[in-house]
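Subject: Structure for your files

Hello,

Here is the structure I said I would pass on. My notes on it follow below.

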Amino acid sequence: MAKPLPNRFNPDLMARDGARYEAALPLSSFERLTTLLQDSAGEVHVSAAFARRERHILISGRLTVRYSLQCQRCLAPMTLVVDEPYELVFVPDSASAEALPDELDPVVLDDGGYMATTVLFEDELILHVPLIARHADIADCAPLPDNVAAVVPEDDDAAPRRNPFDALKNLDLH
Ligand SMILES: [Zn+2]
C-alpha cells in the first residue's frame, strides 16, 4: 500500500525504504500554475517512488489532474484531463543541474537538502498546460454567433493596430 507523500521531505531518507507514495495536492497551492487556469478548484493526484541511479536520487510516478481552460476556438470553458508520467532528479544547486545529462530533468533542493512538493511538481504541471487550449474535436466547440470571429491569441500581433483616429474619420461632421 502506498504511503502519503509528505509536503516537504528529504529525498535521501525517502529513497531508503523503497516505498511507494501518493498524494492529493490542492491545485490552489500552485500559484504560478493557477494563473494559467480558469479555475483553481480540484486536486493533483500524484504517485511517486524514489530510486538511486549512480550519484543521483530520482523520483518518478504519474501526475493526474483536470485543468479548467478556455477554448481559444469557441471561447467556451473546457476541461483537459492530464495523466502523464514524470521523472525528476534531485540536485543540490543550479550548477549541478547544469551538469546533468540532457535527458534528466533536475529539481533543486533547498539549503537544508529538503524538497517541497509544490516546488517539485509545479514546473512539470505547467508543462502540461497547452499554450493554446482548444477542444480536441471541433464538434465539441460551442457555436459562435455569426458576427463574432474566433479569437486566437497568436494572431494578435499580426493584426494591424487600429488607428484611434479612424473612428473620427467615419463620423459625419456636417
Ligand atoms: Zn471549443
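**What was found**

Contacts between residues 24 or more positions apart make up 53% of those in the chain with a separation of 6 or more. Please keep in mind that this is a predicted model.

The chain has 174 residues, and 17% of them count as buried. It contains five helices and eight strands. In sequence order, these elements follow the pattern β-β-α-β-α-β-β-β-α-β-β-α-α.

Six strands form an open sheet in the order 1-3-4-5-6-7, and the pairing is mixed. Strand 1 (3–4) and strand 7 (106–108) are the edge strands; each has a single partner strand, so one side of each lacks a neighbour in the sheet.

Going through the pairs from strand 4 onwards:

- Strand 4 and strand 5 run antiparallel and are joined by nine bridges. Ser-47 has Arg-62 in strand 5 as its bridge partner. The two strands form a hairpin with two residues between them, and Glu-54 in the turn has a positive phi of about 50°.
- Strand 5 and strand 6 are also antiparallel, paired over 14 bridges. Leu-58 is bridged to Val-89 of strand 6, and Ile-57 is bridged to Phe-90 of strand 6. These strands form a hairpin too, with six residues between them; Leu-75 in that turn has a positive phi of about 70°.
- Strand 6 (residues 77–91) pairs with strand 7 in the parallel sense, over three bridges. Val-89 has Pro-106 of strand 7 as its bridge partner, and Phe-90 has Val-107 of strand 7.

Helix 4 (residues 117–127) packs on the sheet, where it touches strand 3 (20–26), strand 4 (43–53), strand 5 (56–70), strand 6 and strand 7. The direction of helix 4 makes about 60° with that of strand 5.

**The core**

Which residues of the largest nonpolar core touch the most other members? They are Val-44, Val-46, Leu-63, Val-65, Phe-90, Phe-121 and Leu-125, out of 26 residues in that core. Strand 4, strand 5, strand 6 and helix 4 each supply at least two residues of the core. In soluble globular proteins, nonpolar side chains tend to be buried together.

Val-65 is one to look at in the viewer. Leaving aside residues up to four places away in sequence, Val-65 touches Val-44, His-45, Val-82 and Leu-125.

**Asn-10**

Where does Asn-10 sit? Asn-10 lies in the loop between strand 2 (8–9) and helix 1 (11–14). Asn-10 counts as partly exposed because 16 C-beta neighbours lie inside 10 Å, whereas a residue needs 20 or more to be buried and 12 or fewer to be exposed.

Residues up to four places away in sequence aside, the contacts of Asn-10 are Gly-113 and Tyr-114. The C-alpha atoms of Asn-10 and Ala-116 are separated by 9.1 Å, although the two residues are 106 residues apart along the chain.

Regards

How values were computed
Residues are numbered from 1 along each chain as its sequence is written. This is a predicted model: local features need pLDDT of at least 70, side-chain atom pairs count only at pLDDT 80 or more; totals for chains, interfaces and linings use all residues. Two strands pair if DSSP finds at least two bridges between them. Helices (H or I, at least four residues) and strands (E, at least two) are DSSP runs, numbered from the N terminus. Two residues are in contact if their C-beta atoms, placed from the backbone, lie within 7 Å. Axes are lines fitted to C-alpha atoms, for helices over the stretch in contact, and angles run from 0 to 180 degrees between N-to-C directions. A nonpolar core is a set of buried Ala, Val, Leu, Ile, Met, Phe, Trp, Tyr and Cys residues joined through C-beta atoms within 7 Å.
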